[in-house]
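Hello,

Here is the structure I promised to hand over. My notes follow below it.

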Amino acid sequence: MLHVLLAKDLRRAWRNPLPWIINLIVPLAMTALIGLVFGGKGDNGALGRIRFAVVNEDKRILSDFLRNAANQSQGNKYLDPVFMEREEALKLINANKISAVLIIETNFVRNYLTAREPVTLTLIKNPAEAIHPAVLEELTGAMVTGLNAISRNFNAEFPAWERVFEGKEDYHRVSFLIDQAGDKLKAARQFIDPPLVSYEKEEPAPERGTNQVAATGNAKGARSANDGWSGLFAYLLIGMSAMFLLFLGQNAMTDLQRELRQRTFERYQTLHQDVWPFLVSKVVFAVVMLLICSAIMFGGGGVAFQIHWQNPLALSALIAGYSCFVAALFAVLVALVPDERRASALNNIAGMALGLAGGCAFPRQQLPVFVRDHITPWMPSYWFADAARSMQSGAGQNPWGATLFQLLLSAAILTAVAAWLFRRKFRIGLH
Amino acid sequence: MFHASSFAKATEDRQGECAEKKELFNRKDRKEPMEGRRHISFRCRHVIAMATPSFRGLERVKGVGHAGRIFACRFINIAYTIRLMNMLGVERLAKTFGAIHAVDAVSFEVRPGEIYGLLGPNGAGKTTTIAMISGLLKPDAGEVFVAGTALGADPRKAKRIMGVVPQELAIYEELTGRENLEFWGRMAGLSARDARARTSELLAALTLTDRAKDAVKTYSGGMKRRINLGCALLHRPQLLLLDEPTVGIDPQARLNILEFIGNLRASGTAILYTTHYLEEAESLCQRIGIIDHGRLLAEGTLVELQRRLGGDRLFALEADFKNSSPDEWNGFHQRFRVIQKSEKQLVVAAVGTRDPAECLKDLLALPVRVENVTVKRPSLNDVFLQLTGRELRE
């Protein structure tokens, strides 16, 4: 029975492939979108060097130090500063050739040393990029914080230092200032090294009976893969895909609405068959479509961003379970609102709500407290995204088996609800 | 005659059950009269309940005495046998949507090899009635019997011997005609081989063999209608429910479909045919039920319905009736029955059996200046007009 229904749907899809093509284009577009929005990738999936312009309008020795600091050792590994005038830099940013422009304003050093005004550096971000400008913004913020910290501790010596930099002091005076600075740094050392607040990542314990060397090797491999930006992309991709699968599920289930509109489902009901096989065939068909789309999103995304999926088999099982849930959910929504036009708005709202409340678009921590504590834990979209992310980051125990069971159980319950609703609808009059 | 075997089996089963009950009744009655009576009473009620719910009130049979009870049981058995003879029985079926009574206490039967036409305007309740009979809609009241079994008791069994042709084209336009037929055949419970074989038969019968491999969306309206009809026939249903199967197609295609349906009837299929086309009902149906506003207003053969108008002739008078009324004419209502009256026309039928020439003479002697008199055979439209006060085509 089921295979006859599926063969019928397959033939229909083959003869009218446009809805399928559209559905397959969506995940491709989504993968490309993430790539465009979150900037380019470097070697080994890392961020790559951030190219930005530095405009030094102060033209003093100290500001030159600041300018050149970006080009030193570790900075040189990640940063690719170019030095130029403001107009030229703005032209480059408009041409999308640099990620940001850092401007050291006129009188920056004088203002800093005299402590007349707070430290001000201007950063113009490229609106066409997201990650690189954000990283630069963070770095600039850190630099300003550091400068402020120095200002607070060495403010009294600044006039003397300024004279040193201008060459107005002799070597004895310079020696005294260095000695004084050394004493202050020595006193502050206990607060700086080690820092008062520290962070240490715990490695998951190796499984019992596993070869210790192999386990260590795996842990290192996982760490190296999670280093850099592939982890971030994986985090984003899982969330965004969970959300997109909701919208794709809605599209996949429009075929059920079409069957209702064309009265073929109603005709089926006049036969001795139960509503179950028809509904299950639609869910299975939608799941197949969602799995193909998922393969494009997760597989394509993985290739494009060089994401190393930690447990592809478990991830595939989770995706299958989530796809079942999504298809069954939209079967229920079709049963509730069979009219395509009316259903469209409801389905969009339901998809958005599930995606947002499930922490797919934003991390759970950023959601309102009530939603985070009382709603999100009940969202299957959260179960999926959280389990997949945990599995990818290697944090804690991987609860994917339990999550898969939860998702499949939800799908079964929702399909049963949809069948009951359809039976009821038919009995009281569908149209 | 493909349905005869299962029908006969069902009849045998029921008759066997009844004979067994009778034997039990007779035996007990002779040996233990008092006990037997109590037993008879129980049996009677039991059979009544199974046979016709409307007979449940016959518990009063108790007061009639022993002979009366025996008579009642026999009567019920006869009624039950009649029910078994009907392929479809509809009893006081009712459905309400909010304040609208879509179907209101509709009762009729369809026998094997008979086309029963349910004639009524759009919105009369025809489709709702079919939806309830086919098990799609749950009736608010009343019951449907298919081959003697209540639909509610075993809907799957009833649906197995039923074929439903919806008013809309409930077929897959992307699939070919053959694929559509095969698919619905499989859904109706046929094996793949049987579905293929039956599809070929039907394509030939519907004269669609040469277009069998084309997608249905490339078919003409008439061809789509034929496929729509064919999809309900794969499993050789004993009862066919046709909901306006000729809507929106050209006269030639309609003629083909009507001919095909006529052949189905000849093969013994019981057909319930809803339509709002008078000509179809007149030419195709053995019995016709006229339905309007959810109520079955009249039913019978065409001749029986025509007789309701008081004979086989109607007189249509054209005159200025603006200022005159038949009520003012002395003894008019004793001689004629008014079927329809407008400002320009009066349609009447003679009361009793009267000579047409005499009737004409009477009519021409009326105190109005008659411009024209037409004598015509009463049509279904006239019956509908008389029953509802408006024409079916309005």
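**What I found**

Helix H14 of chain B, residues 380-388, has these buried residues: Leu380(B), Asp382(B), Val383(B), Phe384(B), Leu385(B) and Gln386(B). Buried means that 20 or more other C-beta atoms lie within 10 Å of the residue's own; exposed means 12 or fewer, partly exposed is in between, and C-beta atoms are placed from the backbone. Helices (H or I, at least four residues) and strands (E, at least two) are DSSP runs, numbered from the N terminus. After H14(B) comes Gly389(B), with a positive phi near 80°.

Some ground rules. This is a predicted model, in which local features need pLDDT of at least 70 and side-chain atom pairs count only at pLDDT 80 or more, while totals for chains, interfaces and linings use all residues. Residues are numbered from 1 along each chain as its sequence is written, and chains are lettered from A and ligands numbered from 1 in the order in which they are written.

**Chain B**

Chain B has 394 residues, and 41% of them are buried. It holds 14 helices and 14 strands. Take the contacts in chain B with a separation of 6 or more: 68% of them join residues 24 or more positions apart. Contact here means C-beta atoms, placed from the backbone, within 7 Å.

Next, a hairpin. Strand E1 (residues 88-97) and strand E2 (residues 100-110) of chain B pair in the antiparallel sense, over seven bridges. Two strands pair if DSSP finds at least two bridges between them. Phe97(B) has Ile100(B) in E2(B) as its bridge partner. Two residues lie between the strands of this hairpin, and Gly98(B) takes a positive phi near 65°. E1(B) also pairs with strand E4 (residues 141-146) of chain B, antiparallel, over five bridges. There, Gly89(B) stands opposite Phe145(B) of E4(B).

Arg236(B) is not a glycine, yet its phi is positive, about 50°. Its place is the loop between helix H8 (221-230) and strand E7 (239-243) of chain B. Arg236(B) has 16 other C-beta atoms within 10 Å, so it counts as partly exposed.

**Chain A: the sheet**

Four strands of chain A form an open sheet with mixed pairing, in the order E2-E1-E3-E4. Its edge strands are E2 (79-83) and E4 (122-125) of chain A, each pairing on one side only. From one strand to the next, the twist averages 25°. Axes are lines fitted to C-alpha atoms, for helices over the stretch in contact, and angles run from 0 to 180 degrees between N-to-C directions.

Strand E1 (residues 50-56) of chain A pairs with E2(A) in the parallel sense, over five bridges. Phe52(A) has Pro81(A) in E2(A) as its bridge partner. Helix H7 (residues 131-154) of chain A lies across E1, E3 (100-104) and E4 of chain A, and runs at about 170° to E4(A).

Asn96(A) sits in the loop between helix H5 (86-94) and E3 of chain A. Its phi is positive, about 60°, although Asn96(A) is not a glycine. Asn96(A) has 11 C-beta neighbours inside 10 Å, so it counts as exposed.

**Chain A: the helices**

In helix H12 (residues 254-261) of chain A, the buried residues are Leu256(A), Gln257(A), Glu259(A) and Leu260(A). Seen down the axis of H12(A), they fall within an arc of 155°, so they line one face of the helix. That arc is taken over the directions from the helix axis to the C-beta atoms. The buried residues of H12(A) pack against H13 (264-269), H14 (275-304), H15 (312-336) and H16 (340-357) of chain A. Arg263(A) follows H12(A) and has a positive phi, near 65°.

Phe298(A) is in helix H14 of chain A. With 23 other C-beta atoms within 10 Å, Phe298(A) is buried. Leaving out residues up to four places away in sequence, Phe298(A) touches Leu237(A), Ser241(A) and Ile319(A). Phe298(A) and Ile319(A) are 21 residues apart along the chain, and their C-alpha atoms are separated by 9.7 Å.

**Where the chains meet**

How many residues of chain A are in contact with chain B? The count is 21, against 23 residues of chain B. On the chain A side, the elements giving two or more residues are helix H1 (2-15), H13 and helix H19 (400-428). By class, that side has five nonpolar, eight polar and eight charged residues. Ala, Val, Leu, Ile, Met, Phe, Trp, Tyr, Cys and Pro count as nonpolar, Asp, Glu, Lys and Arg as charged, and the others, Gly among them, as polar.

Best wishes

Technical notes
Contact = placed C-beta atoms within 7 Å.
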